[in-house]
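Student: I have a model open and would like to talk it through with you. Could we go piece by piece?

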Amino acid sequence: MNIYITLFLISTCCILIFRNIYFSNQINEINRTLQHIKDGNFNIRVRFYSGSKGIRNLGINLNSIIDEFQCMAEKKEYLDESRKKMVSNISHDLRTPLTSILGYLEALHKDSKLNNKEKKYFLDVVYSKSQTLYSLLEEFFQISKLEAEDVLIKVEKINLTNMVQEALVGFYQEFTNEKIEPIIEISEKDFFVWGDSKAIDRILSNLLINALRYGKEQKIIGIKMREKNSMVWIDIWNVGPGINIKDIPYIFDRLYTAEPSRNKKSYGSGLGLTIVKKLVERLRGEVLVKSIPNEKTTFSFSLPLYK
């Protein structure tokens, strides 16, 4: 009997030893994998060979964390690159109108031979460039206030149909200058929403400017109103160059700037759409974008239906 007990104890000890060796190897492999990830290899994953449910769950959870970390790292890399592009674009956007303003003012100040017609032309250019510079600085100011939650939002009953019509009238001159007749799909029914008139006006203005910027070459832009699930949606679309699918998740980010493949003359600071998103969210709505490059790009936002 003592022999059987001894054999049982020896077998148990062997099993425990082998089990400890197995788990030790698993732990060492996990450490090696995590070290590779720490060194920057985000494509590697933890591998487990155990039949233990607990070990398998540990592996699944670890790999899930690694997946999220990889996504964060890729987004950080994208935003770092976007930040560099944005700084470059902003520097260019500020320097270009400022250089023109200083050049024309210097000519007005020093050239006594200019006639009245030439002086008026120079002043018109200075005024136009100053407006461009002011608009850019105003965007920086607005986004800073929104991020600091220093913008007063007064939610009340708003006739969204009237606001859309007024916004379109406000862009009449721009449509005329670009020889664009917008495709308008607005029913005779008045849509009332919960919103803030100043915020909605800014949202519509930014999206119409964006549609004109990228759709003017094809001379086609459109606007549509619709109701869905107690929300009123506004779709503003164009048939311009569109947005690459890999950029869709970042289009409303503060640091997003247009790809070089898009119209270089149309570069902006990248803040207009960020302002749209922040204002829509403050109004308890949602903003989306769908794009098929060179076919149709649609920016949509929703506001709660007034009941």
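Student: Which are the buried residues of H7?

Tutor: Bear in mind that this is a predicted model. In helix H7, the buried residues are Gly272, Leu273, Thr274, Ile275, Val276, Leu279 and Val280.

Student: Let's take H3 then. At what angle do the axes of H3 and H7 cross?

Tutor: The axes of helix H3, which spans residues 116–147, and of H7 cross at roughly 35° and come within 10 Å. The crossing in which H3 passes H7 is left-handed.

Student: Which residues meet there, in H3 and in H7?

Tutor: From H3 the contact takes in Glu139, Gln142, Ile143, Leu146 and Glu147, and these meet Gly272, Thr274, Ile275, Lys278, Leu279 and Arg282 of H7. Sorted by class, the residues of this contact are four nonpolar, three polar and four charged. Gly272, Thr274, Ile275 and Leu279, which take part in this contact, are also among the buried residues of H7.

Student: What follows H7?

Tutor: Arginine 284 follows H7, and its phi is positive, near 65°.

Student: Switching to another helix pair: how do H4 and H6 pack?

Tutor: Helix H4 (residues 160–170) and helix H6 (residues 197–215) pack with their axes 10 Å apart, at an angle of about 45°. The two helices are therefore oblique to each other, and their crossing is right-handed.

Student: Which residues of H4 and H6 meet?

Tutor: On the H4 side there are Leu160, Met163, Val164, Ala167 and Leu168, which meet Ser197, Ile200, Asp201, Leu204 and Leu208 on the H6 side. By class, that contact of H4 with H6 consists of eight nonpolar residues, one polar and one charged.

Student: Why do residues three or four places apart point the same way in an α-helix?

Tutor: An α-helix has 3.6 residues a turn, so residues three or four places apart point the same way.

Student: Now aromatics. How many aromatic pairs does a search of the whole structure find?

Tutor: The search finds five aromatic pairs. One of them is formed by phenylalanine 252 and phenylalanine 299, an edge-to-face pair with 6.0 Å from centre to centre and 85° between the planes. This pair links distant parts of the chain, 47 residues apart, with phenylalanine 252 in the loop between strand E5 (231–238) and helix H7 (272–282) and phenylalanine 299 in strand E7 (residues 296–304).

Student: Are phenylalanine 252 and phenylalanine 299 buried or exposed?

Tutor: Phenylalanine 252 and phenylalanine 299 are both buried. Elsewhere, ring pairs join Tyr104, Tyr121 and Phe122 into a cluster.

Student: While we're on E7, why does threonine 298 count as buried?

Tutor: Threonine 298, which has its place in strand E7, counts as buried because its relative accessibility is 15%, and the cut-off for buried is under 20%. Setting aside neighbours within four places in sequence, threonine 298 is in contact with Asp235, Ile236, Trp237, Leu288, Val289 and Lys290.

Student: Zooming out, what does the secondary structure of the protein come to?

Tutor: It comes to seven helices and seven strands, and along the sequence the pattern reads α-α-α-β-α-α-β-β-α-β-β-α-β-β. Of the 307 residues, 37% count as buried. Among contacts with a separation of 6 or more, 69% are accounted for by residues 24 or more positions apart.

How values were computed
Residues numbered from 1 in each chain as written. Predicted model: local features only at pLDDT ≥ 70, side-chain atom pairs only at ≥ 80, totals over all residues. Heavy atoms only, no water. Axes fitted to C-alpha atoms, helices over the stretch in contact; angles between N-to-C directions. Helix = DSSP H or I, 4+ residues; strand = E, 2+ residues; numbered from the N terminus. Parallel < 35°, antiparallel > 145°, perpendicular 65-115°, else oblique. Left-handed = near helix turned anticlockwise from the far one by under 90°. Contact = heavy atoms within 4.5 Å. Nonpolar A, V, L, I, M, F, W, Y, C, P; charged D, E, K, R; others polar. Phe/Tyr/Trp six-rings, centres within 6.5 Å; stacked < 30°, edge-to-face > 60°. Buried < 20%, exposed > 50% of the residue type's maximum accessible area, 1.4 Å probe, protein only.
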